[in-house]
Structures are given as C-alpha cells and as structure tokens.
Amino acid sequence: MRLLVIGCGNPLAGDDSAGLEILRRLQARSDCGCKLRAAPQAGVGLLEFFDQADVLLFVDAVSSGAPAGTLHLLPLPSPEVESRGIRTLSGHGWDLPQTLALARALGRRIPKLMLLGVEMASVTPFVPRAADVEEAIALVVDRFPRLRSMLLDAASEIWREPQSFFAGDDSFLKE
Amino acid sequence: MTDMTSNSANPGKTVKVDYLTRVEGEGGLHIWVDNGEVRELNLRIFEPPRFFEGILRGRHFQEVPDITARICGICPVAYQMSSVHALEAALGVKPGAEIRLLRRLLYCAEWMESHALHIYLLHAPDFLGYESAVSLAADFPREVERGLRLKKIGNALLEFLGGRATHPVSVCVGGFYKAPRKKDLVKFREDFEWGLEASKETLRLVAGFNFPEFTPAYEFVSVSHPNEYPMNEYRIVSSAGLDLEPAEFERVFLEEHVARSTALHSVRADTGRSYLVGPLARLNLNFEKLLPQAKEAARASGVSWPCRNPFQGIVARAIELIQVFEEALSILDSYQEPARSRVDLKVRAGEGCAATEAPRGVLYHRYRINDQGLVEFAKIVPPTAQNLRRMEDDLRLLVPGVWRRSEAEITHVCENLIRSYDPCISCSTHFLKLRLDRH
C-alpha cells in the first residue's frame with residue numbers, strides 16, 4: 001500500500017501555511033516512508049495524484065469554529081467539508097466532490113482519501129502562525145509514523161468516522 | 001437554479017438564476033427586461049476585494065512575484081510576468097535573450113493548462129449539450145482525457161520551469177532563480193509533439209460547434225510585438241487605432257468603481273466605451289504573427305478572421321493551443337542554457353509599468369519603489385476586470401433577441417456568453433448568480 005501526503009495551503013497567509021509546514025518537516029525526516037507533495041491549491045489537477053498512491057492524505061488548515069490548533073481527521077468525501085465559495089461555480093478551483101465525480105465518469109481509479117485538518121486562528125498575510133497551531137503541527141509530525149500505519153490499515157478506526165482532537169489533547173494517535 | 005416570478009406592480013417578467021456554473025469565483029447577474037427592452041442589468045461581484053495592491057506596499061520588490069502569483073491559481077505566471085517586467089522597468093534592467101525565451105516558454109505552459117481547462121472542462125459542455133464536464137466525460141471520455149492530458153503537460157512544464165505547478169517559485173526580478181538544463185528540457189519533446197497534434201484535434205472539435213449568431217462592434221485591445229505573437233512585450237494596440245507605450249495605459253483606459261460590485265469596471269477614458277481583451281482580441285490583432293502551423297490551422301478552421309463573435313472565443317483558444325505547443329517545440333530546439341539565470345540588480349528608487357498577455361487578456365501592472373527597494377505603490381489591472389463592462393454591454397445586446405424564449409434557454413445563452421470570456425472572477429475580485437427579471 002502506498003501513501004501520498006499532499007500539503008495544501010498558502011505559505012504567506014498565517015495559519016493557512018500549516019499544511020505546507022507539516023509537509024516541510026516531514027520532508028526533513030528520514031523515516032517518512034511515503035511520498036510528499038505540495039499542492040497549494042486543490043483542483044482538477046488532483047486527478048493526477050490518484051494513480052500515485054493507494055491512500056491520499058490531504059493536510060490543510062481548516063475553519064470549523066473549533067478552537068485554534070484542533071486536529072481533525074475526516075475520511076473523504078465528507079459532507080462536513082465545504083470548499084470556500086466553490087459549490088457549482090468553479091472550474092478553476094474544482095472542489096474534491098467534482099474531481100471525484102469526474103474520475104468516476106472517466107473510469108479512473110480512486111484511492112482512499114483522508115483529510116487532516118489543522119484548525120486555524122488567522123490567515124492574515126505575513127503574520128506568524130498561532131501558538132496553538134504550532135503545537136498542533138509539532139504533534140502531527142511527532143505522531144506521523146502512527147498516523148501512517150493507521151492510514152495504510154483499511155480496518156483502522158480513523159476510516160470509520162471523523163475524529164477531532166482539541167489543542168493540548170495528547171491522545172491524538174497516541175499508542 | 002432558475003426561479004420565475006411576476007410582479008404585479010411591474011408587468012414585465014423576472015427570471016432568476018442563482019448561480020452561473022463553470023466560472024471561477026462568485027458573482028450575480030440581474031437583468032430586468034420589459035417588452036424586450038433591457039431596463040436594468042447588474043453584474044454583481046460578491047468576491048471580497050483582495051487588497052493585493054495594499055498588501056504589496058512596504059514589501060521588497062523581490063517578494064512581489066511570489067505575492068502576486070497568489071492572486072490566481074490558474075494564471076500565476078501572468079501576474080509574475082507583468083510584475084517582473086514592470087519592476088525591471090523601474091530598475092532600468094533588461095534580462096538577456098535566453099531569459100526572455102524562458103519566460104515565453106513559461107507563459108506557453110500557462111496558456112496550455114489554462115486554455116485546455118477552459119475548452120474541455122468549462123466551455124465545451126455548453127456547445128455539446130451537457131450541464132457539466134462530468135456529464136460530458138461520461139459520453140466523451142476520450143475528448144475529456146485529451147483535455148486533461150493537455151492541461152497536465154502545461155502543469156508539468158510549469159513545474160519544471162517554475163519549480164512548482166501552482167504559484168511558481170523560480171521567477172524573480174531579473175530572471176530566474178534557476179535556469180533549466182537543456183538535457184532536461186528536451187525530455188518534453190514527446191509531450192510537445194503529442195500536444196501539437198492534440199491541439200489540432202481540439203480545433204477541429206470546437207470549430208464545428210454550433211455558435212449563436214452574435215457579432216457586436218468591439219474595440220479589441222491587446223499587447224503587440226513587431227515580430228511575435230504577443231506574450232510579455234511590448235506595446236498596447238487596439239482595433240480602433242491605438243498604439244501605446246504601457247506608460248500610457250492609465251491615461252487611455254479608465255477604471256471606474258461600480259457600487260453594485262467589488263470589482264472595478266474599465267472603459268476608454270475618452271469615450272466611456274467598453275473594450276475587449278482576451279484570445280479573440282489577441283488573435284484578431286496579431287493573426288499574421290501566428291507560427292506557421294497555427295496560422296494554417298486557423299485559416300482552415302472555417303472561421304473567418306477577424307472574428308467578432310464572442311462565442312467563438314473557444315476557437316481562438318484552440319488556435320492559441322496550437323500556437324504555444326508549436327512555440328514550445330521551437331524554444332526547445334533553440335534553447336541555450338544562460339551563463340547566469342538572472343541579471344544583477346542595483347536597487348534604486350523608480351517607477352515602472354508593463355502589460356503582458358495573461359490567458360484571459362491584457363494584464364497591466366505599475367509599481368513605484370523607494371531607494372531601499374520597498375514598494376510604495378502598486379496598481380494591478382486584471383483582464384477580467386477590464387472585460388466586465390464589455391460583458392454587461394454584450395448581455396444588453398444579446399438579451400432582447402432571446403427574451404421570448406424559455407427561462408432555461410435564456411439562462412443557458414447568458415451563461416454561455418459569460419463563459420466565453422473565461423472570466424476569472426477571483427482575479428478581478430471582485431461569480432455568478434444570475435437573476436433575470438423578465439417583464
């Protein structure tokens with residue numbers, strides 16, 4: 001089973017850089033054990049990733065109203081994930097449901113998909129990430145080997161339903 | 001979604017369409033037609049203003065390409081090219097021929113992915129009777145796969161030259177942070193050759209579409225170069241006889257704030273009239289500068305040039321696909337690795353502007369920097385913003401001819417018209433809920 005981690009976000013926009021920062025730190029590890037790609041913007045180009053792995057993990061900043069630094073694990077597609085302003089409008093910023101529908105229409109293979117969301121505080125340009133977001137990033141990087149194992153295990157509990165871990169909750173993927 | 005209501009106070013008809021699909025961004029359109037006459041037409045943009053011009057103030061000029069690239073995920077190169085050319089004008093530098101060629105190749109990559117996306121995923125469904133590319137793909141998988149592969153080649157080339165497929169990181173004022181090796185560039189030959197033939201197939205497909213008869217009297221505006229199909233240089237020309245230095249842009253073209261929209265609308269400063277930028281304008285004004293295979297294919301397409309039908313913008317894009325694949329092959333053959341990937345820069349206070357051809361048309365930038373290289377002023381005029389007034393004018397002309405049709409047909413033809421502009425609403429910031437009041 002192959003895992004591809006796709007870090008999403010804007011490196012210039014405060015907490016929206018969380019996904020890319022996690023990716024950067026994973027790249028620095030020698031025991032990552034998977035492919036890593038930066039994809040600042042999701043779109044129909046995601047189709048090209050579908051052939052590269054059996055499991056895709058998207059890592060991105062999210063906004064759900066939860067406290068900053070909360071970590072969310074959501075199997076995709078999920079009705080809980082609404083792309084900003086996209087819905088039926090966008091061809092340029094095709095959202096994930098549209099991309100999946102296109103893949104099915106074309107008979108393309110679709111891997112298992114998971115979103116790891118880092119709850120943001122602010123996306124103000126050129127502002128450092130919030131302290132809680134930094135802690136969440138560090139926790140993800142520290143616990144990544146366990147996350148990788150769970151992602152590659154189709155029977156793992158993380159595939160059954162969405163889970164959230166508030167900032168400071170050490171139980172995130174703890175063995 | 002389409003609603004139809006009637007208002008006893010106003011005996012005309014109101015047709016409301018909430019969303020225009022297959023454009024980028026959020027906006028709304030309200031048209032009130034009374035006995036075939038358009039009484040009110042409002043193209044409203046809901047996207048919050050992005051304040052990029054304000055964000056750039058106080059930033060170092062070398063940050064500008066990275067920041068402006070994030071105005072758009074589909075046309076980041078356009079923003080980078082207009083910004084570096086304007087800043088190089090402010091600094092009084094001019095990169096050499098190899099860097100110039102690399103920049104054209106980078107722009108080719110962006111036109112490839114943008115035009116392929118628009119043709120196959122956004123606009124072709126309109127002409128083939130499908131509500132979306134997804135439903136189109138179920139019946140025409142070979143064609144959609146062709147479009148996706150064309151886009152993929154553009155993205156791969158962007159990533160190779162720019163360091164990343166979206167928001168390239170290798171572009172800098174003065175050149176590139178890193179120039180590619182020739183031995184790596186030539187690996188694209190097979191893709192370019194495939195893309196050239198696939199583009200010709202694309203033109204054969206779209207040139208055969210059934211286009212509404214609609215030929216307004218446009219003033220076409222584009223960048224123009226003495227010898228080449230325009231991309232990064234040089235002057236700005238129009239079908240009404242304009243021939244300008246970029247420094248004259250703001251004197252000739254006026255941006256007006258419209259209360260109903262967060263985007264500015266552009267008109268000719270002297271006449272107050274709208275104008276058109278984009279592939280149709282580019283092709284009409286620069287047809288003779290197409291490369292040989294693109295020109296031959298354009299002549300054989302069955303469309304007469306110059307063309308004034310905006311619905312045939314999809315044909316212009318297909319011709320430009322041939323053009324950029326043909327040019328990419330030419331550059332691949334002639335490319336020589338530069339001794340240095342960028343020129344030395346001496347920081348000084350200055351002001352500079354430039355206009356380059358984004359996939360959607362003329363993109364104008366102006367910057368003023370201080371003696372520490374910090375941006376004091378920035379002005380960015382995107383092509384979609386320039387076309388917004390022209391879109392409204394076209395709708396005013398189009399709707400009286402179709403108002404007696406069903407609301408679904410009116411909606412479809414209005415949406416089709418707007419999609420023919422390939423608007424990038426997030427760039428203009430300022431897409432589309434369509435509400436048509438028909439009385």
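In chain B, helix H10 (residues 279–286) packs against helix H12 (residues 313–334) at an angle of about 65°, their axes 8 Å apart. Axes are lines fitted to C-alpha atoms, for helices over the stretch in contact, and angles run from 0 to 180 degrees between N-to-C directions. Helices (H or I, at least four residues) and strands (E, at least two) are DSSP runs, numbered from the N terminus. This is a predicted model, where local features need pLDDT of at least 70, side-chain atom pairs count only at pLDDT 80 or more, and totals for chains, interfaces and linings use all residues. Residues are numbered from 1 along each chain as its sequence is written, with chains lettered from A and ligands numbered from 1 in the order in which they are written.

**H10(B) and H12(B)**
- Pro279(B), Leu280(B) and Leu283(B) of H10(B) meet Gly313(B), Ala316(B), Arg317(B), Ile319(B) and Glu320(B) of H12(B).

- Buried means 20 or more other C-beta atoms within 10 Å of the residue's own, exposed 12 or fewer, and partly exposed in between, with C-beta atoms placed from the backbone.

**Glu40(B)**
- Glu40(B) belongs to strand S4 (residues 37–45) of chain B.
- Glu40(B) is exposed, because 10 other C-beta atoms lie within 10 Å.

Technical notes. Contact = placed C-beta atoms within 7 Å.
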